[in-house]
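Subject: Structure for your files

Hello,

Here is the structure I said I would send. Notes on what was found in it follow below.

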Amino acid sequence: MKQPNILFIISDDQGYWSLGCTGNQEIITPNIDRLAAEGMRFDQFFCASPVCSPARASLLTGCIPSQHGVHDWLRDDDERQAAIEYLAGQYSYTKALAAAGYDCALSGKWHMGASAKAQQGFGHWFSHKSGGGPYYGAPIYKDGALYREERYVTDAITDDALEFLESRRGGDRPFYLHVGYTAPHAPWLNNHPKEYTDLYKDCPFESVPHLQRHPDSIYLTDEVAKDERANLIGYYAAVTAMDAGIGRLLEKLQELGLAEDTLVIFTSDNGFSCGHHGFWGKGNATFPLNMYEESVKVPLIVRHPGRIPAGQVCDALVSAYDFMPTLLDYVGVPAADPERRPGVSFAPALRGQEFRQHEEVVVLDEYGPNRMIRSRDFKYVARYPYGPNELYDLKNDPGETTNLLAAGGYGELEQQLRQRLEAWFARYVDPAIDGAREAVFGSGQIGLAGLWGAGQPAHSCDDYIKQNPNYAPYAVK
């Protein structure tokens, strides 16, 4: 069988709730909704870490953060930080695809280290320098040179991807095109075309909650509170503008006669809250860092006409660390390295084959010294070494409003879940870069983790200290 082309589209900071096909009746996403109607949507897909860089690295490598060493979003404040190739020497599905003859291209956000450098099997390399930033004047690497992109960056990323697709006209090699949008990542004010913000000028925004401020939320929530409505308009407009770009990509596949031969995947790096739980942001929107559903649950839609059943919704509990084995299984490319990965292929579901999971299947996440185990009924969050730990009854309390551990009486269940969590991580963690020993504050990673960093500091605590100036031993003098 001919190996299919792959168009992989990944958004940035997008909650699973922010699509029409997942039930949001206010947001305008006709092209993503069409993908769902023509393909399969997974409504229980989870990132491996609720912040961008580790989540993306886990998708790419099939490893958890305590295997690949990226534990927080990667800062590039200076040349030293910007030049660190965090995935150097590691294996990824793009390396496997390139070795199997795929032409691999990147258009957009990378944010896994050394963004100036083509790596991990990629040839074409049009890369955003950082993890986010202004939508006009974005820093972009093209042909190895850094420049400021004056176009709306969502359009610039789409245009570059279209140019790559056009270059493949008549080509005989399969391609993998990785389209990394920065949308709908902040900023949301004065950064999006009027044609999209006008769509929401009268929107009541009943699709998001309007709650009191979460007691542990940090600075972003305070900033947004100054004009929450304007920020909601910007967030929704960013999603709709990206959806328009996705529509252009789908049209180009059709024009080139490639639609039937191309596996199209849409997902996000991590989730996002726009007022959910009383805060704005993702896993680092609170301190202690959080593992709420809005932070860890992300959209996943997969379309391959004639191969993947159309209009199907799969409720299997699947994770980003399952993505690499699934993709390689689906296209028939084996991994050629000895790494012991935790993921399991869910490609049978994509093929329309029986894919029933046992009720004991769980999903596990980590964000520095914070770890989560989630079954269909319960979620347990362990924060090392001292807590506070959390236990939620997802069946009776899907909004995660009541921490069962606060009232007591759940010691046996906590013990069972903690034992399963710790046994699983012990199986896969590289002790040299164990996240449970990393001082991750959510303010960014600035160097290699653990022993890989040779004694150099790996994590910043700047944002946390702004909120807590008396925190020892980092107190601001």
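The model is a predicted one.

The largest pocket has a volume of about 620 Å³. It is lined by 27 residues, and those closest to its centre are Trp73, His185, Ala186, Tyr219 and Lys282. Helix α8 (219-225) and strand β11 (280-281) each contribute at least two residues to the lining. Sorted by class, the lining comprises 12 nonpolar, nine polar and six charged residues.

Sheet

Ten strands form an open sheet with mixed pairing, in the order β7-β6-β5-β4-β8-β1-β9-β12-β2-β13. β7 (145-149) and β13 (312-314) are at the edges and have a single partner strand each, so one side of each lacks a neighbour in the sheet. From one strand to the next, the twist averages 15°.

β1 (residues 5-11) and β8 (residues 175-180) run parallel and are joined by five bridges. Within this pair, Ile9 lies opposite Val179 of β8.

α2 (residues 52-61) touches β1 and β4 (103-109), and its direction makes about 165° with that of β1. α6 (residues 153-167) touches β4, β5 (124-128), β6 (138-142), β7 and β8, and its direction makes about 175° with that of β8.

Strand β5

Of the five residues of β5, four are buried, so the strand is largely enclosed by the rest of the structure. On the β4 side, the pairing is parallel and runs over five bridges, with Leu106 opposite Trp125 of β5. β5 and β6 run antiparallel and are joined by three bridges; Phe126 has Lys142 of β6 as its bridge partner.

Helix α2

How many residues of α2 are buried? The count is 10 of 10, and the helix is mostly covered. Among the buried residues are Cys52, Pro54, Arg56 and Thr61. Their cover includes strands β1, β3 (45-46) and β4, together with helices α3 (65-68), α5 (93-99) and α11 (323-331). Gly62 follows α2 and has a positive phi, near 75°.

Regards

Notes:
Residues are numbered from 1 along each chain as its sequence is written. This is a predicted model: local features need pLDDT of at least 70, side-chain atom pairs count only at pLDDT 80 or more; totals for chains, interfaces and linings use all residues. Side-chain values use heavy atoms; hydrogens and water are left out. On a 1 Å grid over the protein atoms alone, a cavity is a set of points where a 1.4 Å probe fits but cannot get out, and a pocket is an open set with protein on both sides within 12 Å along at least five of seven lines; lining residues have an atom within 4 Å of a point. Grid points are joined across faces, edges and corners, and a volume is the space filled by probe spheres set on the points. Ala, Val, Leu, Ile, Met, Phe, Trp, Tyr, Cys and Pro count as nonpolar, Asp, Glu, Lys and Arg as charged, and the others, Gly among them, as polar. Two strands pair if DSSP finds at least two bridges between them. Axes are lines fitted to C-alpha atoms, for helices over the stretch in contact, and angles run from 0 to 180 degrees between N-to-C directions. Contact means heavy atoms within 4.5 Å. Buried means under 20% relative accessible area, exposed over 50%, partly exposed in between (1.4 Å probe, protein chains only).
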